Each structure stands twice: as C-alpha cells, then as structure tokens.
Amino acid sequence: MSQFIVLKLGIGNWQQGLPSVIVQLWQTGTATPILQATGSLPPAPELAALYAQWRSLYQALSHRFNWRQSSLIEIEPEGVTNVSQAAFDQVCQQLKRQIDRWLDSGSFGSGETASSFSKIERQLRTKLLPSEEIRVIVEAEDCQLRRFPWHLWSFFEDYPHAEVALSASAYGRVEQVHRGDSGSATLRSRDRVRILAILGNSQGIDVQQDRAILEQLPDAEIVFLVEPERQQLDQCLWDRQGWDLLFFAGHSVSQVSGSTGELSLNPTDSLTIAQLKNALRAAIAQGLKLAIFNSCDGLGL
C-alpha cells in the first residue's frame, strides 16, 4: 500500500521562521495517521536571498525565449542581462545545499513545539522504505513557501519513488449535482474515460509528446482542441455528454503573488481559471473528476 506525508507548515515563512510545523504520515485507506509530530523551523534569511538570486537568473534565462508578453506578469531580471547556464547551475546547487541545511537545522522557539524538523524526519524514515511509492503533500498559505523548490530536498534522493505536491490549508470536496434527467452524464456509466485535451500555445515547446502519450491510453475517448478560441473551449466544457478528465498542455503564467494565473490558449488569446468558472462548474456537474495542467509557472492556476 502507498503512503503519503502531509507537511502542515502553519503560520510563518522562511524569513521569520515556522514555529509550528505538523508532520503526518498516512497509509492509503486508513482513517488515522501512522505518525504525527510537531516541530519547527528557524528563520532562514540567507535562503530567501539565495532563492531571490536563483529566481532572477531563472527569469533572465527564460526571457531569452520571449514567447509572449503576459498581462499578468512582466519578467524583470533585476539588472541581470547576461547569464550563462553554468552560472545558473551553480546557484541551483547552492540553493539545494542551503535547503538541506535549513531542514536539518535546530528548532525554533521553545516549549512543546521546539523539536527540530530533522528529528521528525528521522522518525519518518524509520517507517518508510526506498522502494515504496510516497506522496509528500505540502500545505502552505505563504506564497513563497508554495514556490519553494521542495523537490530539491535530499529526502527525494533517498526515496526515488516519492513525489511532492502542493495544497492549500483550507479545502473541501466538491459534490456532483445529480440531476433527475435520465440522459444526464452524472447518472450514466461510461465504458471509456472521456478526456478533453487542450493543446494551447506551444511556441518554443513540444506538446506533441503530450498528444502521443494521450493517444496511447487504452479505453479512452479523447477530443483534442489545438490552439482553440475561448468560445470553442467554453462550448466543449458545457458538453452535455460530460468529461471525466480535462488536460491542458502549453504556456501559462502566474502573478508574483500566486493568486491568479492564466492559460495561453493560442499565440494571441489567454484566459484565467476565473474566466472559466461557470463552464468548469457545468463540467463538474456533468462528471468532471480531474484536471491536469502541464504548463510552467502555473501556481496561480
């Protein structure tokens, strides 16, 4: 059985520290966690500075592609006009070392929550095997912590089948609206998974690999929209037959705050998730269960 770890980072950030970090280890299918521990992480201003440098260099490299100008974000490489891949790789390694140093540092504060994160990590490792599939879910409200490159944590080197995901600290399950209409998709079982696949603006990237993988899926009915207009996408989401899965591949961008993001449907048109709200609600009512966005800078989505 697979296991998953939930890191509840609570109130704080890496500049001021995280006084109460709750770590839970769950076994899939169980009602209570196998392990729960509370610890803390100290302030890490040097990590914040290194992250800012990494982001600046990353933006400078990304700016070379110059694939489009977004209405949500302007790339400002903070005076960095010429950066080499080697220099960027060096900063990446420095950032990784600093991340491990922070997560292995002493506790922050005193009292019941003063256990170091490294002590909790050692407890976790006694209950995990490198061969297991492990999901690591990071719950954080602070945008910078959500942008944090958690995949660089050395934990993922020792557990190669572990993957990291982000979650808000407040969430709820969306219930489908079952209609009395006998033709409603929510009341009708399907022999094949129905997928709406949007291949958006692909300037400088290869979305054909995404298409090839989708086309190999067994027992799937797939409708492809290639660089669609917004009206075309809207109409498909309202389809009365309903969809099981929504897939997007292409460019996306987010505000620096991470509060809003937009999809690039084609080289000239883009839209936010909020602009699709009504159509997405209709799709959920008709059976939509999962949405996958294979796009960069998608935190705001």
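User: How many aromatic pairs does the structure hold?
Analyst: This is a predicted model: local features need pLDDT of at least 70, side-chain atom pairs count only at pLDDT 80 or more, and totals for chains, interfaces and linings use all residues. Residues are numbered from 1 along each chain as its sequence is written, and side-chain values use heavy atoms, without hydrogens or water. Rings of Phe, Tyr and Trp (its six-membered ring) pair if their centres lie within 6.5 Å; planes under 30 degrees apart are stacked, over 60 edge-to-face, the rest tilted. The number of aromatic pairs is 15.

User: What is the angle between the planes of Phe 4 and Trp 26?
Analyst: Phe 4 and Trp 26 form a stacked aromatic pair. Their centres are 6.1 Å apart. The angle between the planes is 5°.

User: Why does the pair of Phe 4 and Trp 26 tie together parts apart in sequence, and how many residues apart are they?
Analyst: Phe 4 and Trp 26 are both buried (under 20% relative accessible area with a 1.4 Å probe, protein chains only; exposed is over 50%, partly exposed in between). Phe 4 sits in strand β1 (residues 3-8) and Trp 26 in strand β2 (residues 18-27), so the pair links parts separated in sequence by 22 residues. Strands (E, at least two residues) and helices (H or I, at least four) are DSSP runs, numbered from the N terminus. The separation is 22 residues.

User: Which element supplies the largest share of the largest nonpolar core?
Analyst: That core has 43 residues; Ile 5, Leu 7, Leu 9, Trp 14, Trp 102 and Phe 155 touch the most other members. Elements that each supply at least two residues include β1, β2, α1 (45-63) and α2 (85-103). Such a core joins buried Ala, Val, Leu, Ile, Met, Phe, Trp, Tyr and Cys through side-chain atoms within 4.5 Å. The largest share, eight residues, comes from α1.

User: Over which ring does the charged end of Arg 194 sit?
Analyst: The criterion is NZ of Lys or CZ of Arg within 6 Å of the ring centre and within 35 degrees of the ring normal. Arg 211 lies over the face of Phe 224, 4.1 Å from the ring centre. For Arg 194, the distance to the ring centre is 3.9 Å, and the ring is that of Trp 243.

User: What separates the C-alpha atoms of Glu 227 and Asn 266?
Analyst: Glu 227 is in the loop between β7 (220-226) and α7 (230-237). Glu 227 is partly exposed, at 31% relative accessible area. Glu 227 and Asn 266 are 39 residues apart along the chain, yet their C-alpha atoms are separated by 4.6 Å.
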